[in-house]
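Work through the exercises below with the sequence and the structure side by side. Try each task before reading its solution.

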Amino acid sequence: MENLIAGLESKGFAISQKIRINEMLPFLQTYLKAKNAAVWSYRGILFCLLLLAGGFFGYNLADHPAWLVSGIGLAVAVMLPLIPIHELIHAAAYRAMGAKDIRFGVVWKNLMFYAGAHGFVADKRAFWWVALSPMVLLTVIGLILTVLLPMQGKIVAIMATAIHWLMCGGDIALLSYFLENRDKEVVTFDDLDSGESYFYTKG
């Protein structure tokens with residue numbers, strides 16, 4: 001990591017943030033409260049997904065009251081395989097951007113799952129691809145299933161999509177960090193041997 005840091009500093013970058021991955025939550029919470037396009041879009045889409053799910057429930061609740069419990073239960077159950085799928089899509093995006101050493105981890109106290117690329121320097125373009133790939137892909141699949149499946153399947157699909165979107169807050173917070181520093185050139189990388197994330201800025 002010393003050579004990587006020296007290379008960035010020789011290009012005029014200075015360290016902005018150095019955060020232990022298992023202590024990342026306060027950092028993410030701060031940027032998830034920021035007022036920028038990433039946060040507004042996240043909240044707006046989440047509201048629409050929850051509104052659509054509520055509409056499906058409300059429309060069918062009188063005739064099928066049991067669907068309320070079974071739909072939520074099945075949606076939560078669907079989330080279990082979606083978590084590794086989400087992280088594998090992150091990993092595939094990292095690989096497409098040129099990362100070689102990709103690792104997976106979890107911070108159990110926050111139930112925060114992550115895919116990291118050890119020593120891979122991501123600029124804004126690369127990071128946006130990595131962050132948005134699972135969100136966009138899984139949301140599109142969820143919405144397609146919502147259209148194609150029968151009504152009980154629609155409820156499960158839209159609820160699972162909404163729950164997944166809710167759990168993407170960490171990705172949005174990191175995108176928010178880039179937007180809050182849009183007047184600067186920002187790069188980030190992980191030192192997964194030491195469990196730390198670095199953010200460097202220039203300008």
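**Exercise 1. State what share of the chain is buried, then describe the chain as a whole.**

Step 1. Of the 203 residues in the chain, 46% are buried. Buried means under 20% relative accessible area, exposed means over 50%, and partly exposed lies in between, with a 1.4 Å probe and protein chains only.

Step 2. Keep the origin of these values in mind: this is a predicted model, in which local features need pLDDT of at least 70 and side-chain atom pairs count only at pLDDT 80 or more, while totals for chains, interfaces and linings use all residues. Residues are numbered from 1 along each chain as its sequence is written, and side-chain values use heavy atoms, with hydrogens and water left out.

Step 3. The chain has seven helices and five strands. Helices (H or I, at least four residues) and strands (E, at least two) are DSSP runs, numbered from the N terminus. Read from the N terminus, their order is α-β-α-α-α-β-β-α-α-α-β-β.

Step 4. Along the principal axes, the C-alpha atoms fill a box of roughly 65 × 30 × 30 Å.

Step 5. Take the contacts between residues at least 6 apart in sequence: 73% of them join residues at least 24 apart. Contact means heavy atoms within 4.5 Å.

**Exercise 2. Find the strand order of the open sheet of three strands and describe its pairing.**

Step 1. The order is S1-S5-S4, and the pairing is antiparallel. Two strands pair if DSSP finds at least two bridges between them.

Step 2. S1 and S4 are the edge strands with a single partner each, so one side of each has no neighbour in the sheet. From one strand to the next, the twist averages 20°.

Step 3. Count the bridges. Strand S1 (residues 14-20) is joined to S5 by six bridges, and strand S4 (residues 185-191) is joined to S5 by seven.

Step 4. Locate Ser197 in S5. Ile19 stands opposite Ser197, and Asp190 also stands opposite Ser197. Elsewhere in S5, Phe199 has Thr188 opposite.

Step 5. Check burial. In strand S5 (residues 196-202), six of the seven residues are buried, so S5 is largely enclosed by the rest of the structure. Six of the seven residues of S4 are buried, so S4 is likewise largely enclosed by the rest of the structure.

**Exercise 3. Describe how H7 packs against H2 and against H5.**

Step 1. Axes are lines fitted to C-alpha atoms, for helices over the stretch in contact, and angles run from 0 to 180 degrees between N-to-C directions.

Step 2. Helix H2 (residues 25-32) packs on helix H7 (residues 169-180) at an angle of about 65°, and the axes are 8 Å apart. H2 is therefore roughly perpendicular to H7. Angles under 35 degrees count as roughly parallel, over 145 as roughly antiparallel, 65 to 115 as roughly perpendicular and the rest as oblique.

Step 3. H2 and H7 cross in a left-handed way. A crossing is left-handed if the near helix is turned anticlockwise from the far one by less than a right angle, and right-handed if clockwise.

Step 4. On the H2 side, the contact is made by Phe27, Leu28, Tyr31 and Leu32; the H7 side includes Ile172, Tyr177 and Glu180. The residues of this contact of H2 with H7 divide into eight nonpolar, three polar and one charged. Ala, Val, Leu, Ile, Met, Phe, Trp, Tyr, Cys and Pro count as nonpolar, Asp, Glu, Lys and Arg as charged, and the others, Gly among them, as polar.

Step 5. Turn to helix H5 (residues 124-148). The axes of H5 and H7 come within 10 Å and cross at roughly 155°, so H5 and H7 are roughly antiparallel. This crossing is left-handed.

Step 6. Lys124, Phe127, Trp128, Ala131, Leu132 and Met135 in H5 meet Asp171, Ile172, Leu174, Leu175, Phe178 and Leu179 in H7. By class, this contact of H5 with H7 has 10 nonpolar, no polar and two charged residues.

**Exercise 4. Decide whether Thr161 is buried or exposed.**

Step 1. Thr161 lies in helix H6 (residues 151-166).

Step 2. The relative accessible area of Thr161 is 5%, so Thr161 is buried.

Step 3. Leaving out residues up to four places away in sequence, Thr161 touches Leu49, Thr139, Gly142 and Leu143.
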